[in-house]
Amino acid sequence: MQLDINQITPLLGGMSPETFMRRYWQKKPLLIRQAMPGVRSPIERAALFSLAAQDDVECRLVVQQPKAKAGAPAWRMQQGPLTRRQLPPLDQAGWTLLVQGLDLHVPAAYELLQQFRFVPDARLDDLMISYASDGGGVGPHYDAYDVFLLQVHGQRRWRVGPIKDDTLQAGVPLKILSHFEPEQEWLLEPGDMLYLPPMWAHDGIAQGECMTCSVGFRVPEASELAREVLLRLVESIDCEDKPKLYHDPKQPATATPGLVPAALQDFAAAAVAKALKDPAALNTALGEVMTEPKPKVWFQSGEPLSDGVGVRLDPRTRMVYDERCIFVNGESWRAAGKDARHMRALADQRRLSASAVALTSDAMKELLNQWAEDGWLHPEG
Ligand code: SIN
Ligand code: CO
């Protein structure tokens, strides 16, 4: 369910998405009591443990060892997949299992995520769930993420504060702050939710058995994004126009053969400037990068569409658009006119009715069919 951005909602503590974004997003934490009254975990404990054993699921186990002897590690971390036997017993205190990308595997988690689409999809990362035994947590830390921490089962005590000292504890397999000075503290009950902007120190400790969903938003880092976008750009120039060779008919004989010719430097600068000159190419590269599926994501091929059906995107499909192109799972297509309208509606609503599909061009129907065969979308209705 998508929210009306101007409508007040319990999800945001009686604010509209518009007000929340203006007052809190990327600015300050917000505790929302009963954001989702009566919420149930999108997955039961036993099913979550089974999921953790799957190869295509990203998860990790964090165990605190309270009685660690001097010199022994106080924390243990193990990456998944994890079988039930690799998880500690339920009555052992201080452990937590964190499962990423629950929305990719569990329809109820995917549905829950839809309520947060008042933020652009390009920013959305995934829904992570943590299961913790009494006292479990991952220690005081900060994330480069915006996150909504929704309590879905049991209680968790959250302490938060600005980072005054970012020194990390040495010799632990997690990023744990050495000096955490919380300024606020709350006990969250099922249905309560805490929004945290990036770079706020926080520590959540389970009080009894607890489950917390984290709706996380990726925050691109400038140099990393530049590297990825530039790589895509280079790929796109590769197949463009004719090769343009450097030529230097005026190169005089040189007595300093080690010196790089200034003309070659200018040639390189012009080639790079040309690659960056076209904002449309840069935006296309960006759209492709933003929709690239995560490493453990793969699609199951599907059947071609039959006549008269609508379509819905697979939960794994990332689809966004700009004024020129649409981007799906790391690829891009130019879209114009009536088809562009339908494509954009598909990206915004993640579904397209049978009557809308019927109105699209043959070329777009063929593309939708291809995507159905690739498992990127499925027939509906
Ligand atoms: C958790 O759910 O235990 C950790 C979430 C977080 O602190 O980012
Ligand atoms: Co965190």
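**Strand pairing, a ligand site and a salt bridge**

Mentor: Strand 2 and strand 3 (residues 75–79) are paired antiparallel through 5 bridges, where strands are DSSP runs of E of at least two residues, helices are runs of H or I of at least four, both numbered from the N terminus, and pairing requires that DSSP finds at least two bridges. This is a predicted model, in which local features need pLDDT of at least 70 and side-chain atom pairs count only at pLDDT 80 or more, while totals for chains, interfaces and linings use all residues. Residues are numbered from 1 along each chain as its sequence is written, chains are lettered from A and ligands numbered from 1 in the order in which they are written, and side-chain values use heavy atoms, with hydrogens and water left out.

Trainee: Which residue stands opposite R60 in strand 3?

Mentor: That is Q79. Strand 2 (residues 59–64) also pairs with strand 4 (residues 95–99), again antiparallel and over 5 bridges, and there C59 stands opposite V99.

Trainee: Switching to ligand 1, which residues surround it?

Mentor: Counting residues with a heavy atom within 4 Å, the surroundings of ligand 1 are L98, M128, S130, H141, D143, L149, R156, W158, H202 and S214.

Trainee: And how far is the polar side-chain atom of S130 from an oxygen atom of the ligand?

Mentor: The distance is 2.7 Å for S130, while a polar side-chain atom of H202 lies 3.2 Å from a ligand oxygen and one of D143 lies 3.3 Å from a ligand oxygen; a polar contact here is a pair of N or O atoms within 3.5 Å. The protein covers 93% of the 260 Å² of accessible area that ligand 1 has on its own, with areas taken from the Shrake-Rupley method with a 1.4 Å probe.

Trainee: How many salt bridges are there?

Mentor: The count comes to 17, a salt bridge being a side-chain nitrogen of Lys or Arg within 4 Å of a carboxyl oxygen of Asp or Glu. One of them joins the side chains of R232 and E292, at 2.3 Å from N to O.

Trainee: Why does that pair tie together parts that are apart in sequence?

Mentor: R232 belongs to helix 4 (residues 222–238) and E292 to the loop between helix 6 (279–291) and strand 10 (310–313), so the pair ties together parts that are 60 residues apart in sequence.

Trainee: Last topic, what is the order of the open sheet of 3 strands?

Mentor: The order is 11-12-13, with antiparallel pairing, and the edge strands are strand 11 (319–321) and strand 13 (331–334).

Notes:
Polar contact = N/O pair within 3.5 Å; in protein donor to acceptor, adjacent residues only side chain to side chain.
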